[in-house]
Amino acid sequence: MSGRTLPRFTIWRAIFVVLMAAGAYATYLRVRYGLGGVTNLSDQFPWGIWIGFDILCGVGLAAGGFTLVAVVHIFNVERYKPILRPAVLTAFLGYVLVVLALLFDLGRPDRVWHPLVMWNPHSVMFEVAWCVTLYTSVLALEFAPAVFEKLGWHKPLDWLKFISVPLMIVGVILSTLHQSSLGSLYLIVPYKLYGLWYTPVLPVFFFLSAICAGLAMTIFESWHSSRAFGRALELPLAAGLARVLAMLLMTLLFVRFLDLEQRGVLGLLRLNRTETWLFGLEIVLLAVPMVLLFRRRVRWNPAKLYGCAVMVIFGFVANRLNVSITGMEAASGTHYVPRWTEIAVTLAIIALGFAVFRVIAQYFPIFEERHRDEASAGQAPARETRANERVPAPIG
Amino acid sequence: MSRTILYDSTMCIGCKACEGACAERWHLPYDDKVAAETRLSAHKLTAIQTFGEHFSRRLCQHCAVPTCASVCPVGAMQKTSLGPVVYDAQKCMGCRYCMTACPFQVPVYEWNSRLPKVRKCDMCYDRQRAGKPTACAEACPTGATTCGDRDALIAEARRRLAAKPGDYYQHIYGLEVVGGTSVLYLSAVPFEQIGLRTNLPQQPLPMLTWRVLEAVPDVVSVGSVLLGGIWWITNRRDEVARAEGGKK
């Protein structure tokens, strides 16, 4: 603590520096040579991992924010409040990083604002653009109390408290809309997307699986925070989320197979094709943690719980990549493997997310104990403390 | 009056005069190397393809209800009343959803440009507005590509099918596929044998997403009321519990 000028060297910091350096170089190449110079995209395969991973997975993994806001403040299950603020922060950072990734993928990033002024209500992408813009603003406001508390700004805090309930409802609705709409993007390609993934109910699956990913991400993030900040894991809460997660996974898997059966494409599973194996991988990565999480012993064991959360996250990522890449390849008549620069940008964005979360969590009241300690230590005036006890803090 | 292109594969000799005329009209370089390419690309907006002894021609189909225009978040693609689907590069932000969504895989991208645009055939919109035929139709030496009023060309196509039933596969491609297109094909063999997609629905594809987007206002209104109601009930329950707790 005292007089240290250089940050301590750790393996994680070294990895971070390497990833950021590679990302910076890839960014330079992207600006200098255009999309063709840094990606393996083509006229036959115009969307790669920047869409399939950075955008589709990024938005889904940030779904913990709206899920917990709904649970804590709309359904009033107050015991989950201690993990609400970190979940909102994860979501907010997630969306900011998604927009950052979008700037890499757009051919003309300087025109990213165009959908806001040039309307086409028939376009799913238009709806997603509006929802993501509005919801990122909502998340900024939902996270703002942490910043205002730290700075001791009470006027804006009162103001945010006043609008908090409508704001949360708007946030949940915007999330419902665009989480499902990311699936609707693919409704228009019935002849391109492979039968194991194309279904008219794709938006419903995207919504359900995003909630699963959001819950898994919240558990994942709680576990990491507990290690990073030497706090105890809020095990009862994480275990509670895990139980809900197991039930949602069961629902998701059940309706997915029901849909395959209804559409009469179960036979596709007998074909020895890449699609079949990657579909299998996706299902296994969701089914195994589902079975495990139904066991109390697993839910109440931090390491096993964490392992299950990671599996769900990977299963979710596999699903999104299957929809956006695996399932689109056969019809495109080409084979897409991302170039190193695409991967470098993606990894740099992930690393940035972890680092910024850590820094914010260190300096702002994100975790309940710290938050309370500071309040009782007199950093916040008595009036504020009382208000916090009486009314649930607006959003976080 | 809607303008249409009729391409008759049985009359095509594969001379690629249409390719050359198209490149000239767009001020794109055209040489033997480009002529040898069979794919659409940012420097080749129409292409003659060979399937055994048959030829086929790739170009924008100018759908009656274009998927590209429906998916474009900024409305850069528009179906004109004249028939052509035109592209406004000033609006385009380069999301490339039109490329992903196009059932005919027509829009192509300037991948190596720092300020890239989507490119595709616009059926010589400027020429057609001035009453002139498309550059490709004007250049075609055999009449395989002709351009004119849609109803007149459909009648002409039917006349050819009836006149030489043995020479033609008895269908016109483009009448029904994805709700009809402004480019029609005649062929000696079934259309999939000259590289045309025959697994497409007859219904315009934009209906698939519109059905979902239509529900957005309902989700917003029902959702707000529902969530507001749930909030009110759960909150009220807590208030009552607290008040009763206070009395005891």
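Before reading any sheet, I noted that two strands count as paired if DSSP finds at least two bridges between them. The model is predicted, and I kept that in mind for every entry below.

Entry on the sheet. In chain B I found an open sheet of three strands in the order β8-β1-β9, with mixed pairing. I took down β8 (145–149) and β9 (183–186) of chain B as its edge strands, each of which pairs on one side only. Neighbouring strands of this sheet are turned on average by 25° against each other, with direction ignored. I then followed strand β1 (residues 3–8) of chain B, which runs antiparallel to β8(B) and is joined to it by five bridges; Leu6(B), for instance, has Thr146(B) in β8(B) as its bridge partner.

Entry on domains. I read chain B as divided into domain 1 (3–205) and domain 2 (215–247), and the C-alpha centres of these two domains of chain B lie 56 Å apart.

Entry on confidence. For chain B I noted a mean pLDDT of 93, with 98% of its residues at 70 or more. Among the elements of chain B, the lowest mean pLDDT, 88, belongs to helix α9 (residues 216–247), and the highest, 97, to strand β6 (residues 108–109). For the complex, the predictor gives an ipTM of 0.90 and a pTM of 0.90.

Entry on the contact. I looked up how many residues each chain contributes, and the contact takes 42 from chain A and 51 from chain B. On the side of chain A that touches chain B, α7(A) gives the most, with seven residues. The residues of that side of chain A divide into 26 nonpolar, twelve polar and four charged.

How values were computed. Residues numbered from 1 in each chain as written. Chains lettered and ligands numbered in written order. Predicted model: local features only at pLDDT ≥ 70, side-chain atom pairs only at ≥ 80, totals over all residues. Domains from an automatic or database assignment. Contact = placed C-beta atoms within 7 Å. Helix = DSSP H or I, 4+ residues; strand = E, 2+ residues; numbered from the N terminus. Nonpolar A, V, L, I, M, F, W, Y, C, P; charged D, E, K, R; others polar. pLDDT = per-residue confidence, 0-100. Axes fitted to C-alpha atoms, helices over the stretch in contact; angles between N-to-C directions.
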